[in-house]
Amino acid sequence: MKELTAHTACLSLEEIQNYAKDRLDEATRFRVENHLLDCALCRAALDSYLANRDETLGADLALLQQQIGQYKHPKLAAMPKKRINYVAAAAVLLVLTAAAAAYWQHTRYDRLYASVFSAPKASEVIAMRGENGVQEADPDLLQALDWYEAGDFAAASQSFDRYLQRQPGDFQAGLYAGIASLNGGYPEKAAEQLTAVSINDPKLFDEANWYLALAFLKQKKLPDAKAILENLAQRAEPVFAGKAKELLERLE
Amino acid sequence: MFIRGIRQQALKDWTDERLVEAFCDTGDQQYFTELFGRYTMQVFLICKQYLSDREDSREMVMRIFSKLLEILPGTEIRNFRNWLPVVVQRECLNHLRKQGRFVSLPEQEALLWLEEVEEYPATEMPIGEAEIILALSQLDEAQRVCLNLFFFKKMSYQQVSGQTGFPLNEVKSYLQNGKRQLKKQLLNLIAAK
């Protein structure tokens with residue numbers, strides 16, 4: 001019983017003509033008559049057709065369709081339209097896509113860096129200091145370790161600086177100062193600190209070079225980072241060699 | 001050009017209501033051109049019924065098209081298809097009056113058109129056969145008999161007239177009014193659910 005309530009399409013000229021001439025099959029006749037029950041427009045059109053039975057309507061309708069298609073209303077033509085300019089929209093979309101791709105590429109090394117960087121815990125640093133038994137009570141070092149533990153690497157970096165001015169030969173502190181600078185937003189400074197550590201303390205060579213590679217990565221100095229990583233991959237202890245190989249693969 | 005062609009093709013699938021809304025929102029004539037194009041034949045035939053002359057009728061169609069382009073954005077329309085014949089009739093009568101050729105419509109016909117402006121949404125109702133039978137039972141007997149023969153027996157107007165003995169015009173009237181009443185009843189039943 002869908003026919004009782006369904007919305008039906010208006011009649012075509014052909015349907016009107018064939019209905020008037022009783023040339024429709026039963027199903028089409030039912031559709032036409034069912035539609036006529038609902039549509040005053042088609043009823044009036046049919047009445048008009050039945051009154052004249054004009055067989056040359058097609059020419060008038062073709063002419064009208066042409067006139068309607070070409071008609072430009074003077075007031076509407078002057079009105080600002082809100083319709084979408086598809087060319088402009090496509091251009092904007094293209095620019096946005098390019099910008100997004102550029103941004104994605106630009107931040108690629110930051111994302112890589114973030115995925116591989118991890119700072120040794122401050123408790124490990126403190127344990128290390130305790131084992132060595134030196135400079136344990138230096139207030140700047142303790143302050144630096146406090147900031148480091150709290151995750152405030154920028155503040156830790158400044159405290160390490162003060163401490164290292166007095167103790168420039170403490171390369172273990174230098175290593176952690178470099179790590180703090182690196183993650184505190186000073187990659188150039190970190191590179192200097194870590195280079196000094198790797199040159200002066202062979203025991204800290206692998207670790208300092210690992211973070212040095214990350215400092216170059218952070219600065220988007222890819223050839224420098226790769227050179228250090230390749231060296232680590234070939235010569236470092238297994239832990240850092242493995243890390244270096246993995247990061248090199250991801251850089252490729 | 002390519003995008004425009006695709007869009008024009010897509011507009012053919014739009015409902016009248018969506019085209020009206022798009023035209024009123026944007027003022028872009030292409031929406032109304034598509035909408036009016038669906039009913040140009042009917043509008044022309046109605047104009048011809050009133051004006052007789054085909055050239056006059058074509059001019060009237062274009063005048064109505066132009067007028068609707070102007071007035072549509074400020075008009076609240078629930079059903080364009082049922083609103084259109086009222087406008088066409090009014091424009092044709094105004095034109096004839098200006099020429100001193102007054103034509104009066106049969107009162108019943110004019111009222112019927114106006115009544116049909118009160119339309120229902122162009123969607124299918126979520127109803128079952130039981131509700132239809134219940135709604136049918138609430139109609140006048142003549143309407144119920146005609147609707148039964150037309151919808152259930154699939155008889156033509158002419159056959160319903162022959163079967164019931166009602167004149168053809170009365171059959172059409174019973175069917176039109178009965179179907180309209182039936183839809184109202186069904187809407188009430190749905191609302192009461």
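Trainee: How many helices and strands are in chain B?

Mentor: Chain B has eleven helices and zero strands. Both kinds of element are DSSP runs, numbered from the N terminus: H or I of at least four residues for helices, E of at least two for strands. This is a predicted model, where local features need pLDDT of at least 70, side-chain atom pairs count only at pLDDT 80 or more, and totals for chains, interfaces and linings use all residues. Residues are numbered from 1 along each chain as its sequence is written, with chains lettered from A and ligands numbered from 1 in the order in which they are written.

Trainee: What share of chain B is buried?

Mentor: Buried residues are 33% of its 193 residues. Buried means 20 or more other C-beta atoms within 10 Å of the residue's own, exposed means 12 or fewer, and partly exposed is in between, with C-beta atoms placed from the backbone.

Trainee: Take Phe65(B). Buried or exposed?

Mentor: Phe65(B) is buried, because 20 other C-beta atoms lie within 10 Å. It sits in helix H5 of chain B.

Trainee: What does Phe65(B) touch?

Mentor: Leaving out residues up to four places away in sequence, Phe65(B) touches Ile68(A), Tyr71(A) and Phe36(B). Touching, or contact, means C-beta atoms, placed from the backbone, within 7 Å. Gly37(B) is 28 residues from Phe65(B) in sequence and 9.7 Å away in space, C-alpha to C-alpha.

Trainee: Which residues touch the most other members of the largest nonpolar core?

Mentor: Ala45(A), Val43(B) and Cys47(B), out of 61 residues. Helix H4 (residues 40-51) of chain B gives the most to this core, eight residues. A nonpolar core is a set of buried Ala, Val, Leu, Ile, Met, Phe, Trp, Tyr and Cys residues joined through C-beta atoms within 7 Å. Another core, of 40 residues, lies apart from it and includes Leu145(A) and Val197(A).

Trainee: And what does Cys47(B) touch?

Mentor: Ser57(B), Met60(B), Val61(B), Val88(B) and Cys92(B), not counting residues up to four places away in sequence.

Trainee: How do H5(B) and H6(B) cross?

Mentor: The axes of H5 (residues 54-71) and H6 (residues 80-98) of chain B come within 11 Å and cross at roughly 120°. The two helices are therefore oblique to each other. Under 35 degrees is roughly parallel, over 145 roughly antiparallel, 65 to 115 roughly perpendicular, and the rest oblique. Axes are lines fitted to C-alpha atoms, for helices over the stretch in contact, and angles run from 0 to 180 degrees between N-to-C directions.

Trainee: Which residues meet there?

Mentor: From H5(B), Met60(B), Arg63(B), Ile64(B) and Leu68(B). They meet Val87(B), Val88(B), Glu91(B), Cys92(B) and His95(B) in H6(B). By class, this contact has six nonpolar, one polar and two charged residues.

Trainee: What about H10(B) and H11(B)?

Mentor: The axes of H10(B) (residues 157-164) and H11(B) (residues 168-192) come within 9 Å and cross at roughly 110°. That makes H10(B) roughly perpendicular to H11(B). Tyr157(B) and Val160(B) are among the H10(B) residues in the contact, and Leu168(B) is one of those from H11(B).

Definitions and conventions:
Two residues are in contact if their C-beta atoms, placed from the backbone, lie within 7 Å. Ala, Val, Leu, Ile, Met, Phe, Trp, Tyr, Cys and Pro count as nonpolar, Asp, Glu, Lys and Arg as charged, and the others, Gly among them, as polar.
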